[in-house]
Amino acid sequence: MGVDKRKGGIGLNSMSVKKSTDRDMTQPEGVAPPRWPLNLLRYFVKREYIEEIEGDMEEIFHDNVERLSPRKASRLYTWEVLKLFRPTLLKNLSGLPTANQYPMFKNYFKTAIRGLMKTPMTSFINVVGLSIALGICVFAYTFARWTISTDQFHKNKDEVFLVTFNSHRDGTMQQYGQTPRPLGVMLKSDFANIKKMCRVEDRNVVMKHEDKVFHERVRFTDPEFLDMFTFPLKWGTPSSLSDINSIVLSERMAIKYFGAENPLGQSILVKFDKDNGKAFKVVGVAATFPKSRTISFDFLVNVENLSTAEPGYDFNDWKALVHATLIQVDDASSAKAIEGAMDKYRKFQNQAVDEDLAISSFKLEPLATLHEASEHIKDDISRSSHDNYLSVIFLSVIAVFLLALACINYINIAIVSAAKRLKEIGVRKTIGASRTMVVVQFLTENIVITFFALIIGVILGITIFIPGFEQLWHFNMGFTFTDAALWIYLPSILLFTAIASGIYPAFYVSRFEVINILKGSVQFGKKNPVTKLFLGIQLVLACIFITSAVMFSQNSTYLASRSWGYNQDAVLYIEVPDLPAFEKISAVMTSNSNVQSLSGSHNHVGVNNSAVVVKVDAVQHAVDQLAVDAQYFTTLGIPLQQGRVFRDRVESDKQSVVVNESFVGTMGWEQPIGQIFKIDTIQYDVIGVVSDFHNYSFNDKVTPMLFTVANREDYHFLSMRVRAGSEKDTYAVLQAQWAKLFPENPFQGGYQEDVWGNYFTEIWIHAMVWKVFGFIAVLLATLGLYGLMTLNVTGRVREFSIRKVLGAGIKNIAAIITREYAVLFAVALLIGAPVSYILAKMLMDFAYAYHVPVTYSVASISVVVLILVLFVTAFTQIRKVVKSNPVNGLKME
Amino acid sequence: MKITKLGEFEELVLLTVAALQADAYGVEIKRELERRLDETLSVGSIQSALKRMEEKGFLKSAFGETTQKRGGKRKRIYTTTSYGHRILADMKDVRAGLWESINAKVALG
């Protein structure tokens, strides 16, 4: 710093005089500290300190610019300015009349509380409405927080990268999460700034400890895995994974096999395949994994074991891929350089593999954002958090809408009941309150009300909304009051809600002239068009919510009964390890009288399929393949459209395929039977076409697929159609026979109708969640309508009394009360019905590949519901007026 | 010796001012302390310590020169007053005395 000191020449005094004009010229390299923090600093710091502190801050800023990026330096500058807020440095702000304001605010609070007590009905509507909406906001916040915290517990999240590559396949550039096998080791030795590296490969195995035998998935990895990822161990030391005979268990697995006790030193048998196994010693058990994660493990063993699991496994084979390679660099910024320098590995890979599989470039994906990027990376070890982010957006939109509904209630009621406050405002203004002060008073009252609502809202959130949602999805969002961001969120939403709901009524009420108020010539509140507009908006919103709720419930029922394209009922399946096992179990089951049809296959619908690339007229298509036997179509009940299926035990069908309708459609064939295409180099003839059916759940569109004949040696599944009604019994027999024949092999099979797992539960939950939102929306709108009507009727007691005295009947009164609302409802529903129809359709198309057809009848249901709401609400008021004695009404005042 | 109302952090800042002599202005004090403590300090914490000690009379200050980096704003150079210096010396003596008695006991035990 001695270098840039100005020596001699300019005296101190002249410097300080020139200071203000010189400033811009003297800043080096034109980078200046950010503007607004600087102004803030000038505003708050004591005048006599400004020159020194501003200079210090600027010097540090320029030091930082040289060291870091200008952006980061600006951020640090801002942060430092905020940390300057200390009593010793702050200007004495008592010049502002803060002291005078205190009793005034005390008075505002007092009137606010009194106001709340005096009108229990409106207070109830306001507080209940707001607290439900705020409860939903707290819930949405918790979910967002949970989603954003995904994977953020890894200490090295910014330095750990997943190695991925881009490759041009199926006509587009795609990113893949797997890596050529030798790449990891080469990277580690070639780059000094790569500190650690681990490869990850998952294999299905059979795990056995005493009488516990299960299918499991084991993660083969380098010992660095436990250093790079932050998975602390409950028992054991991470480094012991470098021993080739050791295994690390997740907490869940430790409990599954060894109970709650410390299993260190125990041995567990891992069977890689039928006659290839190895005993491992337990050296570690992971502590409970954090709630929100996309990468974890059940079992970890040293990567070297791959050569035991798969004799002949070649770690140096460029043709083969390993599931993942992760590296940890010394500094996150060096990743770009490594990525660029990795280009040299491309030729190793591209020399080894076919042109089709050539790699275009390598890319490093940071662990911190991997869960977001994962959506676009194929075959990577991380799960994508994309759906959760969509849900966050969705929930936020819902929360904002509900909050809007509740705020509108507040605004409407405040405007209509403002007449009652007129005298108070008049008096306040006469004594000397300015318009601003009246506005401040009303906002203060609002903050008080919103504060109560927020407390109830938080309670609703943590006792109903959050646990309810967690129960539906079986997970835990880990809500906690110790979360610092929550304490920023809650006050912000409090202020936001209070201002959003209070600002309009405050300005509206405060604008009247004192003289007119006290003269009594102000007539307002009753005929405010804004009230009508707001109520209209509420109705439209409620209409949208009801329509969606109805839509999703209908969809849930519809999808449950929608045809799968084949007959999934009364079909059982079981996975078999090999042909001898298949033959043994099929021999037993064929003799069972309940079994109507039985087949063997390599793949199985809904459980397992292969992917192949077919070449038709030199164009490549990636399609799904199922290798099956001749009876498979009968067993599963897949309807044949044209041609024939495979013949039993006929060698000539080895090069025949049966395709589905989508396949024919994609190829554009007029006459599919007899068409020829190639898979790899082998030519196949199309002999039959089956109807489209759902290989995956209704979440996915049906895609082109083909069936080939499975080699008997490759049989991996046994499926059978049983007599309807005998499913349970046959399943029990199957399980028992399996246990008898293969006590060493875990049973893995099920009912065909269960192969989509939680799919139907999820659809049901969607409907459930919408019903709740729909209910809340209707409740809020009803509360608002009720409040408005009640105030309207109470304000017109004398009018109604006179009408009654003059002989108005119930019909007449009902007409008068309902008339203005009826018009409003008509307009709102005329807008709301089409809008909600369009929105619901968009939502359905977005959420589901297949859904119930959206019809106008859905929107009409919400219209009916809302009209019903109007009638019921109006009825309570009409009844009140009809029952009241007109004399009492006229005696008032 | 009576209690001097000098906090631990203030004492460190005061010592740094004494050590830096003519170079003792805000940024340099921060830099020196950060280097010695091996942690990041905020301008706010240093400045408020300086101001408090100036008020108590441990320090005095005067405007110094400026540099290009400071955008023309002058430095404020701090110097310890003789009162401040005495306090530091007193604190050192008290500590030394206590250490001696610890060591004596350890040697005995």
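Visitor: Which residue just after H16(A) takes a positive phi?

Guide: A:His474 does, with a phi of about 55 degrees just after H16(A). Helices (H or I, at least four residues) and strands (E, at least two) are DSSP runs, numbered from the N terminus. The model is predicted, so local features need pLDDT of at least 70 and side-chain atom pairs count only at pLDDT 80 or more, while totals for chains, interfaces and linings use all residues. Residues are numbered from 1 along each chain as its sequence is written, and chains are lettered from A and ligands numbered from 1 in the order in which they are written.

Visitor: Where does helix H16 of chain A bend?

Guide: A bend at a residue is the angle between axes fitted to the seven residues ending there and the seven starting there. In H16 (residues 435–473) of chain A, the axis bends by about 45 degrees at A:Gly461.

Visitor: How many helices and strands does each chain have?

Guide: Chain A has 28 helices and 25 strands. Chain B has 4 helices and 2 strands, in the order α-α-α-β-β-α along the sequence.

Visitor: Why is H4(B) said to lie largely in the open?

Guide: A residue is buried if 20 or more other C-beta atoms, placed from the backbone, lie within 10 Å of its own, exposed if 12 or fewer, and partly exposed in between. The number buried among the 27 residues of H4(B) is 2, so this helix lies largely in the open. Its length can be checked too: the expected span is 1.5 Å times one less than the number of residues. For residues 82–108 of chain B that gives 39 Å, and the end C-alpha atoms are 39 Å apart, which agrees.

Visitor: Which residues touch the most other members of the largest nonpolar core?

Guide: In soluble globular proteins, nonpolar side chains tend to be buried together. A nonpolar core is a set of buried Ala, Val, Leu, Ile, Met, Phe, Trp, Tyr and Cys residues joined through C-beta atoms within 7 Å. In the largest, of 92 residues, those touching the most other members are A:Ala133, A:Ile136, A:Cys137, A:Leu402, A:Leu539, A:Ala542 and A:Ala777. Helix H24 (residues 759–795) of chain A gives the most to this core, with 16 residues. Another core, of 55 residues, lies apart from it and includes A:Leu162 and A:Phe229.

Visitor: Which strands pair with S17(A), and in what sense?

Guide: Two strands pair if DSSP finds at least two bridges between them. S17 (residues 610–616) of chain A pairs with S18 (residues 619–628) of chain A in the antiparallel sense over 7 bridges, and A:Val612 stands opposite A:Val623. These two strands form a hairpin with 2 residues between them, where A:Asp617 in the turn has a positive phi of about 50 degrees. S17(A) also pairs in the antiparallel sense with S21 (residues 676–679) of chain A, over 2 bridges; there A:Val614 stands opposite A:Ile679.

Visitor: Is A:Ser601 buried or exposed?

Guide: A:Ser601, in strand S16 (residues 595–601) of chain A, is buried, with 26 other C-beta atoms within 10 Å. A contact requires C-beta atoms, placed from the backbone, within 7 Å. Leaving aside neighbours within four places in sequence, A:Ser601 is in contact with residues including A:Leu626, A:Tyr632 and A:Phe717.

Terms used. Contact = placed C-beta atoms within 7 Å.
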